[in-house]
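Hello,

The structure we spoke about is below, and my notes on it follow. Please read them with the model open.

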Amino acid sequence: MSTEIEATPESVARHYDSVTPFYEIIGSRSLHFGYWPQGDAGGSFGEAQQRFTDLLLGQLGSQAGQRVIDVGCGLGEPAIQLARSTGCKVEGITISPLQAAQAGKWANQLGMGGQTTFHRGDAMALPFPAESFDAAWAIESLFHMPDRAAVLRELARVLRPGGRMLIADIVLSADATPEDRSFLQRAFVARSFSTTEAYPALVRDAGFELEQLLDVRENVLPTFGAVASALREKEAEVRQAYSEDFLAGVQGQWARITEHALRCMGYIVLTAKRRPLEE
C-alpha cells in the first residue's frame, strides 16, 4: 500500500517482502481480497479471504492428478489449499525469492511439499515447456505485470489445449479519473489496470475461449471496511511488528484507498479455456 513506488518487478518484490507480515497480522497468508455473499458483510477479513479462495477453487474445477500453475502465488496459501482440496499438483511462481522460500517452508510444515513447488520466476517468460499444465490461475497478480497480454500468451503456451485459466483481477470503471487511476496504481504497486469490457478480447487474442466473466465488485468491496476494522483490532501487533509511524501511515493511506476504490474500482473473476492450436 505504497503511494510513491513505481511498479517494476523489483519494487513489487520489495513491496511484498516488506508488508507480508502486516497482511498476515490483519488477515491471513492469502494476499488477496475477501468475499462476502450478497447481503452479508459480517465476519473477519481472514474468514472472507478463505471464502474467496473456496469460490475460486470451485470456478477452476481442477482434479486429482492434474498439474496447475499459480502465477503470482504469494505465500502459497491458495496454492496449498488448491492442492489439498483437489489432489492436484501446483507450481507457484512469484517475483519475490523470499515469498517463494516462505511458501515452500510452510507447505512442507503442512505436509504438502510433495504436491506444491514454489519458484522465483517471470510470468512473461515462464520456465516451463509448452503444454505442460492442465490449468492455471492468476489471483490479483496481473495488474503488477508490465505486459498483461504477454502473460496471457505465456499461459496459453504452457497450457494444454482445453486447459482452463482463471483470472481474479481488479479493474477500473469508466468513472475513474486520471487522479483515481494514478493514485490506485501507486497504492497497489500496479503497472496498469484493465477494464471489464477489455478482458474478453484480451483472453481471446491470447488463444483462449472465454467461458465466464463474473462481476464480484459488490462481494469484495466489504474488504475495505473489514481491513479498517482489523487495523483497529490489531493496532498493538502492527505497532510491535513495525512502528507507530507505520501504523498511522497505513491507517491514513487505507482511508484514501477506500475513498478512491469505492468510487471506481471493480473486480472480476474470469474463466477461459485454451483453444486447440489449429483454431
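In the predicted model, the lining of the largest pocket is made up of 32 residues, and Gly-72, Ile-95, Ser-141, His-144 and Met-145 are the ones nearest its centre. Here a pocket is an open set of points on a 1 Å grid over the protein atoms alone, with protein on both sides within 12 Å along at least five of seven lines, whereas a cavity is a set of points where a 1.4 Å probe fits but cannot get out; lining residues have an atom within 4 Å of a point. The elements that give two or more residues to the lining of the largest pocket are α1, β1 and β2, and α1 supplies the largest share, four residues. The space in this pocket comes to about 470 Å³, where a volume is the space filled by probe spheres set on the points, and grid points are joined across faces, edges and corners. By class, its lining divides into 16 nonpolar, 11 polar and five charged residues. Ala, Val, Leu, Ile, Met, Phe, Trp, Tyr, Cys and Pro count as nonpolar, Asp, Glu, Lys and Arg as charged, and the others, Gly among them, as polar.

On conventions: residues are numbered from 1 along each chain as its sequence is written. Since the model is predicted, local features need pLDDT of at least 70 and side-chain atom pairs count only at pLDDT 80 or more, while totals for chains, interfaces and linings use all residues, and side-chain values use heavy atoms, with hydrogens and water left out.

Strand β1 (residues 67-71) and strand β2 (residues 89-94) run parallel and are joined by five bridges; strands count as paired if DSSP finds at least two bridges between them. Arg-67 has Lys-89 as its bridge partner in β2, and Val-71 stands opposite Ile-93 in β2. Four of the five residues of β1 are buried, with buried meaning under 20% relative accessible area, exposed over 50%, and partly exposed in between (1.4 Å probe, protein chains only). β2 is largely enclosed by the rest of the structure, because five of its six residues are buried. Strands (E, at least two residues) and helices (H or I, at least four) are DSSP runs numbered from the N terminus.

The second largest pocket holds about 170 Å³ of space. Its lining has 14 residues, with Val-171, Leu-172, Ser-173, Thr-196 and Gly-266 nearest the centre. Two or more lining residues come from each of β5 (159-172), α11 (244-264) and β7, and β7 gives the most, three. The lining has six nonpolar, four polar and four charged residues.

Thr-271 also belongs to β7 (residues 265-274). Thr-271 counts as buried because its relative accessibility is 4%. Leaving aside neighbours within four places in sequence, Thr-271 is in contact (heavy atoms within 4.5 Å) with Gln-59, Arg-164, Met-165, Leu-166, Leu-210, Glu-211 and Gln-212.

Arg-181 sits in helix α6 (residues 178-187). At 27% relative accessibility, Arg-181 counts as partly exposed. Not counting residues up to four places away in sequence, Arg-181 touches Leu-172 and Phe-193. Arg-181 and Met-265 are 84 residues apart in sequence, and their C-alpha atoms are 9.4 Å apart in space.

Last, the cores. The largest nonpolar core has 61 residues, and Ile-26, Phe-188 and Tyr-267 touch the most other members. Another core lies apart from it, with 27 residues, among them Ala-136, Val-151, Val-171 and Leu-270. A nonpolar core is a set of buried Ala, Val, Leu, Ile, Met, Phe, Trp, Tyr and Cys residues joined through side-chain atoms within 4.5 Å. Beyond its neighbours within four places in sequence, Ile-26 is in contact with Phe-45, Val-227, Ala-230, Leu-231 and Val-238.

Regards
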